[in-house]
Amino acid sequence: MEPLTKILSASTELFRQYGFKTITMDDIARRAGISKKTLYMHFANKQEVVNESLTWYKEQITEKCGVLLQDTENAIDAMVRMMAFMDDMHKNINPMAIFELQRFFPEAFQIFREMIMKRDVAMMRDNILQGIQEGLYREDINAELMARYRIETSLLILQPNLLVSDRNSLMSVAMEIAEHFLYGIMNGKGEQLYQQYKTKYLKQATKI
């Protein structure tokens, strides 16, 4: 693995586990298994590491999502697989991470948010339109509005609030909100399919 990839992978792991505030360049170099000199050859400071690692991380997630959705049977199959994927992702996220990112690295947070709102909203909108065409979602849905609503709520729960206090509650709340959203857009036919896919993919999903 090249040094740059080691740095980005290591920093992403650390930020996800411990948040952004306390992690130092020493921590990143140590986790990456490289010297500080090598680290500073690639990045001048922690701000640059945060910016680049978030972009790299988002690219990795987008790529994995693309692979995950390649062989789905329909829109609900795709949605439930994404729910299971995100449930697994939430197991390793520090609930304070996004809050610290927004507070201490606002530039990086804005870049990250813009990537999410551009790519994830488009992916969600396409799923909703597909579901309508397949006769699984309600026909009267405003796909663009509901896609933005869904992504905004996913960002909301990644900040410390009365709903989320630790990793377990993060996973539970995220799953509950995802299911609530899905029930809001499905019709009767879609709900029947959802129960089948839920049993198949969400057996280990955390419930409140």
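Okay, let's start with Tyr194, which is buried, with a relative accessible area of 0%. Buried here means under 20% relative accessible area, exposed means over 50%, and partly exposed is in between, with a 1.4 Å probe and protein chains only. Before I go on: this is a predicted model, where local features need pLDDT of at least 70 and side-chain atom pairs count only at pLDDT 80 or more, while totals for chains, interfaces and linings use all residues. Residues are numbered from 1 along each chain as its sequence is written, and side-chain values use heavy atoms, with hydrogens and water left out.

So, what does Tyr194 pair with? Rings of Phe, Tyr and Trp (its six-membered ring) pair if their centres lie within 6.5 Å; planes under 30 degrees apart are stacked, over 60 edge-to-face, and the rest tilted. That rule gives five aromatic pairs. In one of them, the ring centres of Tyr183 and Tyr194 sit 5.5 Å apart with planes at 80°, so this pair is edge-to-face. It links distant parts of the chain, with Tyr183 in helix 9 (residues 167-185) and Tyr194 in helix 10 (residues 188-201), eleven residues apart. Tyr183, for its part, is partly exposed, at a relative accessible area of 32%. Elsewhere, ring pairs tie Phe15, Phe20 and Phe105 into a cluster.

Now the overall picture. The protein has ten helices and zero strands, where helices (H or I, at least four residues) and strands (E, at least two) are DSSP runs numbered from the N terminus. The radius of gyration is 18 Å, close to the 17 Å from the globule rule for 208 residues, so the protein is as compact as a globular protein of that length. That radius is taken over C-alpha atoms, and the rule is 2.2 Å times the number of residues to the power 0.38. Along its principal axes the C-alpha trace spans about 60 × 35 × 30 Å. Of the 208 residues, 44% count as buried.

On contacts, meaning heavy atoms within 4.5 Å: among those between residues at least 6 apart in sequence, 71% join residues at least 24 apart.

Last stop, Lys58. Which helix holds Lys58, and is Lys58 buried or exposed? Lys58 lies in helix 4 (residues 46-68), and this lysine is buried, with a relative accessible area of 5%. Leaving out residues up to four places away in sequence, Lys58 touches Phe112, Met115, Ile116 and Asp120.

That's my tour, thanks.
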